[in-house]
Amino acid sequence: MSDKDILKSKVSQIAWSIIKYLSCILAAFIFILPIVTIFLASFKGYEEFYSSGKLSLPENMFNFSNYVTAFIDGGMLRGFMNTAFIMVISLAGTILLGAMVAFVLQRFEFKLKKAILLIYLLPMFLPMVTTQVATFQIISKLGLYNTIWAPIVLYLGADVMSIYIMMQFMESIPIANDEAAMLDGASYIYIFNRLIIPLLKPAIATIIILRGVAIYNDFYTPFLYAPSQELGTVATSLYKFIGPYGGQWNVIAAGVILIMIPTAIVFLLQKYIYNGFTDGAVK
């Protein structure tokens, strides 16, 4: 290859790198700009919000009155408590049921194995709206409508994603461990509790992050099945909060930032959460 060809190759690589980084910077700017606008607005007073520019700095960066109003008067505190209660029970049930189903499907061979996998897979191909009439009737007949248990029951089932994640992790656990434990007189329950679950901690961490964020951000299910003001989650509390404070966008911005904080913390710490579970599994 001649020097001219080498020079052209280097120029094309540099040009491609410039385009790649510029596109990343542009995409980051597009995503960050609305968040910065909301963040700055959350520290502004009512008159300041409408008189100043949207990207101008607030007069007082320590003005937390909007956050106090959103957190206390807007019902965000109650929304966080309800969301935490729903998430703890739902995630515990999802992890336990998903681990048990994955253990049976991955460790045993039986005739209905593929049929069970297909049953779990089918709902993924059905639009959610097509099953809502039947689901609503079932929840109503069970007496769970407008109770905090309605969204919990709907979140509680083991979804196919959780099952597949755990099955993939179980494939890395040697079956010889199970056989050796059975030779020592261990039951399947003992093997599941003492051998399988401790080694599934990385999978559990993955499910907690993915499923937890989905439940935290879900608006449709709690809004439809638990419409009472006292049962509001963070998503529905913000929606109901906009009504009385519809013209006070500075207070609404503070509510949006409050909702974003837990998700941002999980996003920033997910590597450490996952590594912590992984280290625990190795030990």
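Colleague: Let's start with serine 162. Which residues does it touch, leaving out those up to four places away in sequence?

Modeller: This is a predicted model, so keep in mind that every value here is computed from predicted coordinates. Serine 162 touches Thr94 and Ile207 once those sequence neighbours are set aside. You'll find serine 162 in helix 8, which covers residues 160–170.

Colleague: Is serine 162 buried or exposed?

Modeller: Look at the relative accessible area: under 20% counts as buried. Serine 162 has 3%, so it is buried.

Colleague: Now tyrosine 225. Where does it sit, and what is it in contact with?

Modeller: Tyrosine 225 is in helix 12. Skip its neighbours within four places in sequence, and the contacts include Gln132, Thr135, Phe136 and Ile139. Also among them are Leu144, Tyr145, Asn146 and Thr147, as well as Ala150 and Leu154.

Colleague: And how is tyrosine 225 classed, buried or exposed?

Modeller: Buried, because its relative accessibility is 1%. For a sense of distance, take methionine 260, which is 35 residues away from tyrosine 225 along the chain: their C-alpha atoms are separated by 24 Å.

Colleague: Asparagine 146 was among those contacts. What stands out about its backbone?

Modeller: Asparagine 146 has a positive phi of about 60°, although it is not a glycine. It lies in the loop between helix 6 and helix 7. At 32% relative accessibility, asparagine 146 counts as partly exposed.

Colleague: Next, empty space. How do you find it?

Modeller: Rolling a probe the size of a water molecule over the atoms shows where empty space is left. In this model, the largest pocket holds about 970 Å³ of space. Its lining has 26 residues, and the closest to the pocket centre are Pro123, Met128, Leu154, Asp159 and Arg211.

Colleague: Which elements give two or more residues to that lining?

Modeller: Helix 6 (132–141), helix 7 (149–156), helix 11 (201–217) and helix 12 (220–225). Helix 6 gives the most, with four residues.

Colleague: What classes of residue make up the lining of the largest pocket?

Modeller: There are 18 nonpolar, five polar and three charged residues.

Colleague: How many cavities of 30 Å³ or more does a search of the whole structure find?

Modeller: One. The largest cavity has a volume of about 30 Å³, and its lining is made of Thr83, Ile86, Tyr155, Ile215, Pro222 and Thr233. By class, that lining divides into four nonpolar, two polar and no charged residues. Notice Tyr155 again: it lines the largest cavity and is one of the buried residues of helix 7.

Colleague: On to the rings. How many aromatic pairs are there?

Modeller: The count comes to 14 aromatic pairs. Take phenylalanine 39 and phenylalanine 43: their centres are 5.1 Å apart with 75° between the planes, an edge-to-face pair. Phenylalanine 39 is partly exposed at 35% relative accessibility, whereas phenylalanine 43 is buried at 6%.

Colleague: Why is the pair of phenylalanine 136 and tyrosine 145 called edge-to-face?

Modeller: Planes over 60 degrees apart count as edge-to-face. The planes of phenylalanine 136 and tyrosine 145 are at 65°, with ring centres 5.2 Å apart, so the pair is edge-to-face. Phenylalanine 136 is partly exposed at 29%, and tyrosine 145 is partly exposed at 36%.

Colleague: Which residues do ring pairs link into a cluster?

Modeller: Phe39, Phe43, Phe64 and Tyr67. A charge can sit over a ring too: lysine 20 lies over the face of tyrosine 21, at 5.5 Å from the ring centre.

Note on methods. Residues numbered from 1 in each chain as written. Predicted model: local features only at pLDDT ≥ 70, side-chain atom pairs only at ≥ 80, totals over all residues. Heavy atoms only, no water. 1 Å grid on protein atoms, 1.4 Å probe; cavity = no way out; pocket = protein on both sides within 12 Å on 5 of 7 lines; lining within 4 Å. Points joined across faces, edges and corners; volume = space filled by probe spheres on them. Nonpolar A, V, L, I, M, F, W, Y, C, P; charged D, E, K, R; others polar. Phe/Tyr/Trp six-rings, centres within 6.5 Å; stacked < 30°, edge-to-face > 60°. Buried < 20%, exposed > 50% of the residue type's maximum accessible area, 1.4 Å probe, protein only. Lys NZ or Arg CZ within 6 Å of the ring centre and 35° of its normal. Contact = heavy atoms within 4.5 Å.
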